[in-house]
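Me: I would like to go through the pockets and the sheet of this model. Please take a look with me.

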Amino acid sequence: MNWMPIIAQSAGDTVWMPTDASTLAESHDPLFYFIYYVSVVAFVVVIGFAVTFAIKYRRRREGERTANIEGNTKLEIAWSLVPALVLVTLFAWGFWGFMESAIPPANALDVRVTAKRWNWEFDYPQAGILGSDELVVPVDQPVKLTMSSLDVIHSFFIPEFRVKRDVLPNRYTVAWFQATKVGDYRLLCAEYCGTEHSRMWARVKVVPRKEYDAWVASGGPLGKIEDPIELGKALFRMRGCAQCHSVDGTATGKAPTLQGKFGSMETLSDGTQVLVDDNYVRESLMSPQAKFVQGWQTAYMPTFRGRFDEKQLNALIEYLKSIGK
Ligand code: CUA
């Protein structure tokens with residue numbers, strides 16, 4: 001068995017860390033291993049002396065008196081100064097690393113991250129790509145993440161990149177990374193957020209620059225879909241609508257089914273009736289609390305204001321129409 005991964009920093013996965021795949025990993029890992037080795041040395045020295053002294057100065061017979069021992073100035077200065085220097089080093093190194101991870105470089109690619117129970121969504125304002133369910137980024141390019149949540153607290157965590165940051169409702173948090181290795185990684189949610197928390201993950205694809213440019217040129221995951229109903233169907237899945245609304249009449253217990261809804265009359269919580277038409281759907285998406293369907297007053301739905309552009313909204317409505325039949 002190869003014990004090197006346990007005792008030393010090595011390439012690839014170790015017992016302590018997954019593969020390092022970002023510049024932050026390259027600068028943070030040495031600090032981790034420094035703390036690790038300081039701890040190993042401190043453990044060996046402290047326990048070593050404790051055991052040695054316990055044996056050497058043990059009581060050998062009844063009534064034995066301890067010798068009167070005076071202080072040793074040199075020794076006391078040494079055991080104060082050396083740990084103090086180690087701790088100051090840890091502070092300076094850690095503070096430098098904290099600043100590095102807290103401040104995104106000016107040339108970073110902007111990605112907006114939206115978390116909700118229970119999926120992740122990525123918008124690329126510079127490239128005009130909305131609502132990707134995969135985080136696609138070019139290798140060796142700083143990426144700045146501006147993150148918010150539509151509901152509860154989530155946490156953005158990519159172990160290989162050494163990036164972890166809370167994602168909050170009603171406030172933006174920022175994180176950044178620069179991936180150094182092409183490949184697929186997993187973005188995990190690291191804050192318990194409900195029943196599907198453990199399944200709240202997204203694929204992170206680090207690709208060569210050319211491949212990223214091609215992905216952007218193709219309009220991202222939705223760009224290739226021409227048919228409005230197909231586009232609406234994809235949006236319905238990617239934006240997490242399907243987690244609460246069924247489209248086949250199944251009762252989910254979380255929200256009314258949308259089968260046959262479009263074009264029908266809906267009874268609201270105050271007893272009035274309303275026609276489910278284009279404008280009703282738009283209002284329900286933008287201001288979900290404006291009208292409550294009878295029996296669903298306490299149902300939870302986040303607003304999708306700004307989450308769909310006009311073309312996508314139209315496609316979603318066409319899809320809703322199609323599941324009525
Ligand atoms: Cu989102 Cu846990």
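Me: Which elements each supply at least two residues of the lining of the second largest pocket?
Reply: They are β2 (119–124), β10 (201–207) and α6 (228–238). Helices (H or I, at least four residues) and strands (E, at least two) are DSSP runs, numbered from the N terminus. A pocket here is an open set of points on a 1 Å grid over the protein atoms alone, where a 1.4 Å probe fits, with protein on both sides within 12 Å along at least five of seven lines; lining residues have an atom within 4 Å of a point.

Me: What is the source of the model, and how are residues numbered?
Reply: This is a predicted model, in which local features need pLDDT of at least 70 and side-chain atom pairs count only at pLDDT 80 or more, while totals for chains, interfaces and linings use all residues. Residues are numbered from 1 along each chain as its sequence is written, and side-chain values use heavy atoms, with hydrogens and water left out.

Me: Back to that pocket: which element gives the most to the lining of the second largest pocket?
Reply: β10 does, with 3 residues. The lining has 16 residues, and W118, N119, R199, W201 and Q243 lie nearest the centre of the pocket. By class, 7 are nonpolar, 3 polar and 6 charged; Ala, Val, Leu, Ile, Met, Phe, Trp, Tyr, Cys and Pro count as nonpolar, Asp, Glu, Lys and Arg as charged, and the others, Gly among them, as polar.

Me: What volume does the second largest pocket have?
Reply: The volume is about 360 Å³, taken as the space filled by probe spheres set on the grid points, which are joined across faces, edges and corners. The largest pocket holds about 840 Å³.

Me: Which residues lie nearest the centre of the largest pocket?
Reply: H245, A255, P256, Y300 and M301, out of 35 lining residues. That lining comprises 23 nonpolar, 4 polar and 8 charged residues. α7 gives the most, with 4 residues.

Me: Now the sheet. In what order do the strands run?
Reply: The open sheet has 5 strands in the order β4-β10-β9-β6-β7, with mixed pairing. Two strands pair if DSSP finds at least two bridges between them.

Me: Why is one side of β4 and of β7 left without a neighbour in the sheet?
Reply: Because β4 (135–138) and β7 (163–167) stand at the edges, each with a single partner strand.

Me: How many bridges join β4 to β10?
Reply: There are 4, and the two strands run parallel. P138 stands opposite V207 in β10.
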